[in-house]
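Hello,

I am passing a structure on to you. Please look at the sequence and the model below before reading the notes that follow.

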Amino acid sequence: MSLISDFKEITKMRLSISVVFSALAGYLLGAVQVDFYTLLLLAFGGYFMVGASNAFNQIIEKDLDVLMDRTRNRPVPAGRMSVKSAFIIATVFTVLGLMVLYVINERTAMYGAISIFIYTCAYTPLKTKTPLAVFVGAIPGAIPFMLGWVAARNDFGIEAGTLFALQFFWQFPHFWAIGWFLYEDYEKGGFYMLPTRKRDKGTAVQTIMYTIWTILISIVPVFGVTGDLKLSIVAAIIVFLLGMVMLYYAFELFKKRTAKSAKQLMLSSVLYITLIQIVYVADKFIR
């Protein structure tokens, strides 16, 4: 049972599944005709790639993870898994992920490779050096939603670009909220994730601004300027209202600047990105 638990932890199973969910949503949006074999390949390939990124990340940060309460019990810093074992898992997952995604098409494999490279070789080492690491990390973090579209169409156009932009901007309020309520723990490991490095008005204002950008991008498809990616007026209103909930909590963070308000924003951001992906997909098949 411990092996299964450690495997789930080294690959961050819950996070990986949420990423796969985004990729599958992107595929359903892009698919002219849904192919369940491709869906299956995308699910497995996506999980392999995200799992590999997380395993590499935990190898690189093992000495810092042991300093933080939320990470010290991970398999590698806790000593339950050797660096060699973690590296084998990460390497095998990388190879399997690229192979599986390549079966879908070359572009999907290419973007998967770009994602794991940026996450492992740029975002991870930058986390202890500059708050701009969040910007760098938002690039691989935004790839899954658009990766699904590329898997369906074998093309990167305005549609995939819009999906990428939506998830890209969403990550800033999401990760700044996490960085806020886990500030002390991140500080122990030398991570400064907030844009001003402090839990201050400047960070809260930027959080509001990026939340607004996220909402605006999420309703752009209703105006018919994003090619085959479309959104009905009813769906756009639902997406907008969901965005208002997230924006409300962003303003609450600005007003209260507490760990509790930051956690509420984080939870609302997770709910937002999940629900709008469902709304986008449902709207396509109902319209």
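This is a predicted model: local features need pLDDT of at least 70, side-chain atom pairs count only at pLDDT 80 or more; totals for chains, interfaces and linings use all residues.

Phe21 sits in helix 2 (helices are DSSP runs of H or I with at least four residues, numbered from the N terminus). At 36% relative accessibility, Phe21 is partly exposed (buried means under 20% relative accessible area, exposed over 50%, and partly exposed in between, with a 1.4 Å probe and protein chains only). Apart from neighbours within four places in sequence, Phe21 is in contact with Thr274, Gln277 and Ile278 (contact means heavy atoms within 4.5 Å).

Residues are numbered from 1 along each chain as its sequence is written, and side-chain values use heavy atoms, with hydrogens and water left out.

Next, the helix pair. The axes of helix 2 (residues 13–30) and helix 12 (residues 259–286) come within 9 Å and cross at roughly 20° (axes are lines fitted to C-alpha atoms, for helices over the stretch in contact, and angles run from 0 to 180 degrees between N-to-C directions). The two helices are therefore roughly parallel to each other (the term covers angles under 35 degrees). From helix 2, Phe21, Ser22, Ala25, Leu28, Leu29 and Gly30 meet residues of helix 12 that include Thr274, Gln277, Ile278 and Tyr280.

Ile278 is placed in helix 12 and, at 40% relative accessibility, counts as partly exposed. The C-alpha atoms of Ile278 and Ala31 are separated by 15 Å, and the two residues are 247 residues apart along the chain.

The largest nonpolar core has 84 residues, and those with the most contacts inside it are Leu29, Leu42, Leu163, Val239, Tyr272 and Tyr280 (such a core is a set of buried Ala, Val, Leu, Ile, Met, Phe, Trp, Tyr and Cys residues joined through side-chain atoms within 4.5 Å). Its largest share, 12 residues, comes from helix 7 (residues 133–153). Not counting residues up to four places away in sequence, Leu163 touches Gly26, Leu29, Phe145, Met146, Trp149, Leu229 and Tyr280.

Lastly, Gln171 lies in helix 8 (residues 158–181) and is buried, with a relative accessible area of 4%.

Regards

Methods
Angles under 35 degrees count as roughly parallel, over 145 as roughly antiparallel, 65 to 115 as roughly perpendicular and the rest as oblique.
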